[in-house]
Amino acid sequence: INALDEEFREVAFQKFVVGLGNKEIAELLDLKQNTVGSKVSRAREKLSEVLKEMAAGFGIGLDEDKKK
């Protein structure tokens with residue numbers, strides 16, 4: 001989560017670590033629910049990229065035909 005830009009970090013923490021739903025996060029952080037959804041989606045994409053890079057560093061990777 002620390003690899004995320006600051007604007008996504010708190011939303012990602014609340015979603016993936018604490019386990020709050022988008023509505024709860026929106027209320028907690030005084031954001032619109034749609035904004036939370038967008039930030040969660042972008043955070044998930046970035047985390048996926050970071051994890052793939054980390055895995056590649058350990059020689060772990062997906063076959064080309066299995067990448068999504």
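How many salt bridges does the count come to, taking a salt bridge as a side-chain nitrogen of Lys or Arg within 4 Å of a carboxyl oxygen of Asp or Glu? The count comes to one. Before the details, a word on the source. This is a predicted model, where local features need pLDDT of at least 70 and side-chain atom pairs count only at pLDDT 80 or more, while totals for chains, interfaces and linings use all residues. Residues are numbered from 1 along each chain as its sequence is written, and side-chain values use heavy atoms, with hydrogens and water left out.

The salt bridge joins the side chains of Glu 7 and Lys 39, at 3.4 Å from N to O. Glu 7 sits in helix H1, residues 6–18, and Lys 39 in helix H3, residues 33–57, so the pair ties together parts 32 residues apart in sequence. Helices here are DSSP runs of H or I with at least four residues, numbered from the N terminus.

Lys 39 counts as buried at 15% relative accessibility, while Glu 7 is partly exposed at 48%. Buried means under 20% relative accessible area, exposed over 50%, and partly exposed in between, with a 1.4 Å probe and protein chains only.

Now to H1 and its contact with helix H2, residues 22–29. In H1, Glu 10, Val 11, Gln 14 and Lys 15 meet Asn 22, Ile 25, Leu 28 and Leu 29 in H2, where contact means heavy atoms within 4.5 Å. By class, this contact has four nonpolar, two polar and two charged residues. Nonpolar covers Ala, Val, Leu, Ile, Met, Phe, Trp, Tyr, Cys and Pro; charged covers Asp, Glu, Lys and Arg; the others, Gly among them, are polar.

Conventions:
Helices (H or I, at least four residues) and strands (E, at least two) are DSSP runs, numbered from the N terminus. Axes are lines fitted to C-alpha atoms, for helices over the stretch in contact, and angles run from 0 to 180 degrees between N-to-C directions.
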